[in-house]
Amino acid sequence: MACGRQSGNCNGGSCEGAEQDLFSCSSSSCSDGRKQNKPTENKRLCSKCKEKETQVKANQTESVCGACLHASILAKFKGAVNSHGMILPTDKVLVAFSGGPASRVALEFVKEIQSKAQRDSDASRDSVLHVFHVGVAFVDESTALLVDSHEACQLIEEIKFIVSGKANPGEQTHIVPIESIWSDSADCKEKLLDLLASVHDTTGKEDLLGYLRMQVLQKVAVEHGYNKLVLGLCTSRIATHVVASTVKGQGYSLPADVQYVDARWKVPVVLPLRDCVVKELAMLCHLNRAAGRLFSRRLCQRLLDRTSV
């Protein structure tokens, strides 16, 4: 590799041993191979712990390892939970699970906080500390998305497998079809399909499904005595919602939609992942080798060749 100058230990315009070096010689220190290799090694190390090899960029600028990425997202999660009183020791919390990276991370972190609270309670001698209870709810939208029965059964089994791997003793898992909103009717599937057929644009159908999904989650929470509903909405998804709501002229209710705790519902909705981006959550699932597939159930992905924001 050409040196560009003839001084110091450079001979004939080239550095001795430069074929093995990654950087061109720019000073008399080029003869010390150890000094040249050190920046390359430091560049590969995590910017936080300075020990492990870099695996991903966090906060879009920091090169960190998997353990530090986990710690960074968990710190944001705990900060939101503690600052806004999202989960209290006496609560009964229902985690809405979709199979995507955000809901997986939300469920994992809720279980992590619960496990720590249980250990603190077991170690307490003077008084008994309360530990909040956790349940998981999955809304099956197979009927609305026109999924065949075999694929729907496969999906349900995979969801059960994923959730059971994170389950604690005494935890309940609720898998409910979206058409169960009409629980008092025998032809609930037909009612759902007729309702969706009455809406002609895909955006309207997505909004309708989102409303029905929330109603089903609220129904499950009320029937089983939960007093908090955890959603895995992250910054990326909220940004999409802000743009979509602005375009649709729904700006009046937008501030309440994106707050940490939405008390407009009978069972308050909390968003502990509000400060996290979906790219980091997906990378965390990948590094943790999350079991099963990452699901995406958007209606437009089944009806259109290309999706909008």
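**View 1. Val 105 counts as buried, at 0% relative accessibility.** Buried here means under 20% relative accessible area, exposed over 50% and partly exposed in between, with a 1.4 Å probe and protein chains only. The model shown is a predicted one, in which local features need pLDDT of at least 70 and side-chain atom pairs count only at pLDDT 80 or more, while totals for chains, interfaces and linings use all residues. Residues are numbered from 1 along each chain as its sequence is written, and side-chain values use heavy atoms, with hydrogens and water left out. Val 105 lies in helix H3; helices (H or I, at least four residues) and strands (E, at least two) are DSSP runs, numbered from the N terminus. Leaving aside neighbours within four places in sequence, Val 105 is in contact (heavy atoms within 4.5 Å) with Ile 73, Leu 273, Leu 281, Leu 284 and Cys 285. Val 105 and Cys 285 are 180 residues apart along the chain, yet 7.4 Å separates their C-alpha atoms.

**View 2. The largest nonpolar core has 41 residues.** Such a core is a set of buried Ala, Val, Leu, Ile, Met, Phe, Trp, Tyr and Cys residues joined through side-chain atoms within 4.5 Å. Look for Ile 73, Val 105, Leu 273 and Leu 281, which touch the most other members. At least two residues each come from E1, H2, strand E3 (92-96), H3, strand E4 (133-140), helix H4 (149-164) and H9. H2 gives the largest share, 7 residues. Beyond its neighbours within four places in sequence, Leu 273 is in contact with Phe 77, Ala 102, Val 105, Ala 106, Gly 232, Leu 233, Cys 234, Thr 235 and Leu 281. A second, separate core of 30 residues includes Val 139, Ala 152, Val 216 and Val 269.

View 3. Just after the helix, Arg 289 takes a positive phi of about 50 degrees.

**View 4. The cysteines form 0 disulfides.** A disulfide is a pair of cysteine sulfur atoms within 2.5 Å. For Cys 49, the nearest cysteine sulfur is that of Cys 46, 3.7 Å away. Cys 49 is partly exposed, at 25% relative accessibility. For Cys 234, the nearest cysteine sulfur belongs to Cys 276, at 7.8 Å. Cys 234 is buried, with a relative accessible area of 2%.

**View 5. The protein averages a pLDDT of 80, and 76% of the residues score at least 70.** This score is the predictor's confidence in each residue, from 0 to 100. Over residues 1-42 the pLDDT is below 50, and this stretch has 36 contacts in the model beyond near neighbours in sequence. Residues 303-309 also have a pLDDT below 50, with 7 contacts beyond near neighbours in sequence. Where pLDDT is low, the predicted coordinates should not be read in detail.
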